Amino acid sequence: MTKILALFLILIAAIQVIKPLGWPGLKKRSDAWKLVAGVAAVTVASVILSALFQGL
């Protein structure tokens with residue numbers, strides 16, 4: 001599920017570079033870094049959560 005979410009966010013970031021989405025905070029093409037930072041945060045959070053729950 002996390003890989004699907006990361007892929008979805010990367011696709012949105014690619015679309016943002018091609019044509020800005022116009023969402024709040026994403027008005028310019030150069031705002032794609034915010035989406036990439038979100039992908040990185042989701043990936044780090046998923047790694048931490050999977051490491052915490054691996055022993056259960």
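Is Leu26 buried or exposed, and what is its relative accessible area? Leu26 is buried, at 7%; buried means under 20% relative accessible area, exposed over 50%, and partly exposed in between (1.4 Å probe, protein chains only). This is a predicted model: local features need pLDDT of at least 70, side-chain atom pairs count only at pLDDT 80 or more, and totals for chains, interfaces and linings use all residues. Residues are numbered from 1 along each chain as its sequence is written, and side-chain values use heavy atoms, with hydrogens and water left out.

**Helix α2**
- Helix α2 covers residues 32-52. Helices here are DSSP runs (H or I, at least four residues), numbered from the N terminus.
- The 21 residues of α2 should span 30 Å at 1.5 Å a residue, and its end C-alpha atoms are 31 Å apart, which agrees. The expected span is 1.5 Å times one less than the number of residues.

- Ala32, Leu35 and Val39 are the buried residues of α2. They cover an arc of only 60 degrees around the axis, so they sit on the same side of α2. The arc is that of the directions from the helix axis to the C-beta atoms.
- The face turned away from that buried side carries the exposed residues Trp33, Ala51 and Leu52.
- Trp33 has a relative accessible area of 54%.

- Ser50 belongs to α2 and is partly exposed, at 43% relative accessibility.
- A polar atom of the Ser50 side chain lies 2.9 Å from the backbone oxygen of Val47.

**Sequence and space**
- Leu26 lies in the loop between α1 (2-18) and α2.
- Leu26 and Ala6 are 20 residues apart in sequence and 18 Å apart in space, C-alpha to C-alpha.
- Trp33 and Ala13 are 20 residues apart in sequence and 7.7 Å apart in space, C-alpha to C-alpha.

Conventions:
Helices (H or I, at least four residues) and strands (E, at least two) are DSSP runs, numbered from the N terminus. A polar contact is a pair of N or O atoms within 3.5 Å; within protein, one must be able to donate a hydrogen and the other to accept it, and residues adjacent in sequence count only if both atoms are side-chain atoms.
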